[in-house]
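Open the structure in your viewer and keep the selection panel at hand. Each stop below names what to select and then what is there.

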Amino acid sequence: MLRLIRDEVLKTFLKKRTYLGFGIILLIVPLIEIAMNLEGSHFITAITRTLARDFFFSGSLFNGWFIAYMIMNSLWLHVPLLISFVVGDQLAGEATAGTYRLILIRPVSRAKIFFAKYAASLIYTFLFVAFLACLSIGLALFLAGRGDLLVSKGEILVLADSDVAWRFMVAYVFALWTMTTVASISFFFSSFVENSIGPIVGTMGVIIVCSVITLMPIQLFDALRPHLFTSYLDLWSRVFAEPVDWEKIRTGALYLGGYSFASVAVAWYIFVRKDILS
Amino acid sequence: MNPEIVLKTRNLGKHYRHRWAVRNLNLEVYRGDVFGFLGPNGAGKSTTIRMILSLIRPTEGEIELFGYPLSSERRKALAHTSGLVEKADFYLYLSALRNLEILGTLSGGIDRRRIQEIIDLVGLSGRENDRVKTYSHGMKQRLGIAQALLADPDLVILDEPMNGLDPQGIKEIRDLIVHLARDRKKTILLSSHLLSEIELVANRMAIINRGELAAQGEVEALLEHGEQYVNLKAGPAEKVRQILEEKGIRVRSFDEGTGEFSLDIRFEETADLTAALVRAEVEVHAVVPRRSLEDYFLSITENGAE
Ligand SMILES: Nc1ncnc2c1ncn2[C@@H]1O[C@H](COP(=O)(O)OP(=O)(O)O)[C@@H](O)[C@H]1O
Ligand SMILES: [Mg+2]
């Protein structure tokens, strides 16, 4: 099984499309961070002017933590797109390349191949999120240094410099957990769509439709909202609160896990029974 | 002593949305056979092969490989079976060697020496580190056979491996098949839509048409059992009839439009007849030896499967 996973990882990382996501992140994150850094204090004076009267801050509120926090806030749709680009191709890519006909005629069970590919998808997702985390936080701190973190989400909150690092770590763990759900949904589409854009369109379609329901202030959707995974896409941001509502985070994490499990279970059910006609 | 049956299908059938692509198919392939699986395009050859290699699920019937039912003991059934279904597709962005390594893992782990040996066997040495993207159709097809040989299977199933190749490529593949059968003692199931291709290499064969079995048996027996006759195009017709009568040759049919006779004689007798015709100053345009199996096959091919 380990050798199967190793080969799937190898196949994934020898493909050009795998590096597109990394390339875009490598381009876009420095671009945003450098630009923000140039804009600098303008960016933040508006909010801080009102605050400065009532609070006392240590150092500038425009700092690396703030930039890294803004990056996390702004990429919540782009990262799923880039993940589905690679994960959606895991199974569908074999269909379009005609290589199902090579791998599924061998005395290895389809279930093993399926889980090797899912494992490779998770490994990719992990590396991608880790790359994003290291690059965005590392560069931001390098450019703008540390300081207290200003969080404005409904109400304004300032977290002390010493209280921020662990929050980023935990936030990225939850971001990874969320992206695992995105990857699982892509994998689900990949199991029965037999072209390369189908799984991407499917994944993004689900995210966009659910997000609309999540974000629209329509009462009819109220009952539905807590059950949609998109309500928990920004689960990570709950870590930047005081006090942290762990109960809410737990519920969200469970929902996300449930969606991942259901997606993969259905995908597995489809895949092992599927007629290979490509 | 009965020969060992390595592949057996029992009332095999596959239904697609509106129709049966294969129905009631009973094949028996013996150890050591080069088994020709003949049928016009759309007859159901690939569908059958996909079922045997577990790519698609039969709608009805059963498949047994080496005595193991495919439906319940897939791993054992496929342990000594491999093949190439339709055209040879690979991971184009990887080298041939890497492709074979990855497929080797799925075949239970194949060491480097063995892979190199197979690359040599199919005549791709020197190119194994090139990406498959750069391969010609013929090279891919040979690589396709190579991947089928990785785990040293006893039964190799090849689905129209010569399709789309130039005469040189066809000959290479044919020689390879003969080598595998004769020197490596492989059992081979070879599908084709050309009787001539099957005739050259197979000892047994089945003919499939519109998803159903039309004939199965020894190639020689099927060919011999089918009557031989000769088509003769010569004129004037009156004179030809007279000579045929003198020689006591039965006329099966005569086509007024083309002036073609169909004659009941053995191939060996044609030289004598032609000489007689020429002596009598008959204009001989064509003498074509025919076999009824070939005709039968041509007729189903011409009418087409759909
Ligand atoms: N996915 C499919 N859906 C519906 N019909 C199919 C499908 N694949 C093949 N067929 C039909 O099944 C029949 C057999 O096809 P196939 O096995 O490919 O024939 P062959 O390999 O002998 O040319 C054809 O009539 C074809 O149109
Ligand atoms: Mg075919």
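**Stop 1: chain B as a whole**

Bear in mind that this is a predicted model. Select chain B. Its C-alpha trace spans about 70 × 45 × 45 Å along the principal axes. Colour by secondary structure: chain B has eleven helices and 15 strands. Now colour by accessibility. Of the 306 residues in chain B, 50% are buried.

**Stop 2: ligand 1**

Select ligand 1 and the residues within 4 Å of it. The shell has 13 residues, and those that come nearest are Arg19(B), Gly42(B), Lys45(B), Ser46(B) and Thr47(B). Which chains surround ligand 1? Residues from both A and B do, so the site is shared between chains.

Colour the shell by residue class. Five residues are nonpolar, five are polar and three are charged.

- Side chain of Arg19(B): one of its N or O atoms is 2.4 Å from an oxygen atom of ligand 1.
- Side chain of Ser46(B): an N or O atom here lies 2.8 Å from a ligand 1 oxygen.
- Backbone of Ala43(B): an N or O atom sits 3.2 Å from an oxygen atom of ligand 1.

On its own, ligand 1 has 560 Å² of accessible area, and the protein covers 70% of that. Two elements of chain B give two or more residues each to the shell: β2 (19–25) and α1 (45–52). The most comes from α1(B), with three residues.

**Stop 3: helix α1 of chain B**

Select α1(B). How many of its eight residues are buried? Eight of the eight are, so the helix is largely enclosed by the rest of the structure. Step along it residue by residue: Lys45(B), Ser46(B), Thr47(B), Thr48(B), Ile49(B), Arg50(B), Met51(B) and Ile52(B) are buried. After the helix, click on Ser54(B). Its phi is positive, near 70°.

**Stop 4: Ser46(B)**

Go back into α1, where Ser46(B) is found. Its relative accessible area is 17%. The cut-off for buried is under 20%, so Ser46(B) counts as buried. The side chains of Ser46(B) and Asp159(B) make a polar contact of 2.7 Å.

**Stop 5: Asp89(B)**

Move to the loop between β7 (81–84) and α3 (96–106) of chain B; Asp89(B) is there. Is Asp89(B) buried or exposed? Asp89(B) is buried, with a relative accessible area of 14%. A polar contact of 2.7 Å joins its side chain to that of Asp89(B).

**Stop 6: helix α9 of chain A**

Switch to chain A and select residues 165–192, which form α9. Draw a distance between the end C-alpha atoms: they are 42 Å apart. The 28 residues should span 40 Å at 1.5 Å a residue, which agrees. This helix is mostly covered, with 21 of its 28 residues buried.

**Stop 7**

Select Cys134(A) and Cys210(A). Cys134(A) is exposed, at 58% relative accessible area, whereas Cys210(A) is buried, at 12%. Finally, look for disulfides over all chains: the count comes to zero.

Note on methods: Residues are numbered from 1 along each chain as its sequence is written. Chains are lettered from A and ligands numbered from 1 in the order in which they are written. This is a predicted model: local features need pLDDT of at least 70, side-chain atom pairs count only at pLDDT 80 or more; totals for chains, interfaces and linings use all residues. Side-chain values use heavy atoms; hydrogens and water are left out. A polar contact is a pair of N or O atoms within 3.5 Å; within protein, one must be able to donate a hydrogen and the other to accept it, and residues adjacent in sequence count only if both atoms are side-chain atoms. Accessible areas come from the Shrake-Rupley method with a 1.4 Å probe; for residues, only the protein chains shown count as cover. Helices (H or I, at least four residues) and strands (E, at least two) are DSSP runs, numbered from the N terminus. Ala, Val, Leu, Ile, Met, Phe, Trp, Tyr, Cys and Pro count as nonpolar, Asp, Glu, Lys and Arg as charged, and the others, Gly among them, as polar. A disulfide is a pair of cysteine sulfur atoms within 2.5 Å. Buried means under 20% relative accessible area, exposed over 50%, partly exposed in between (1.4 Å probe, protein chains only). The expected span of a helix is 1.5 Å times one less than its number of residues.
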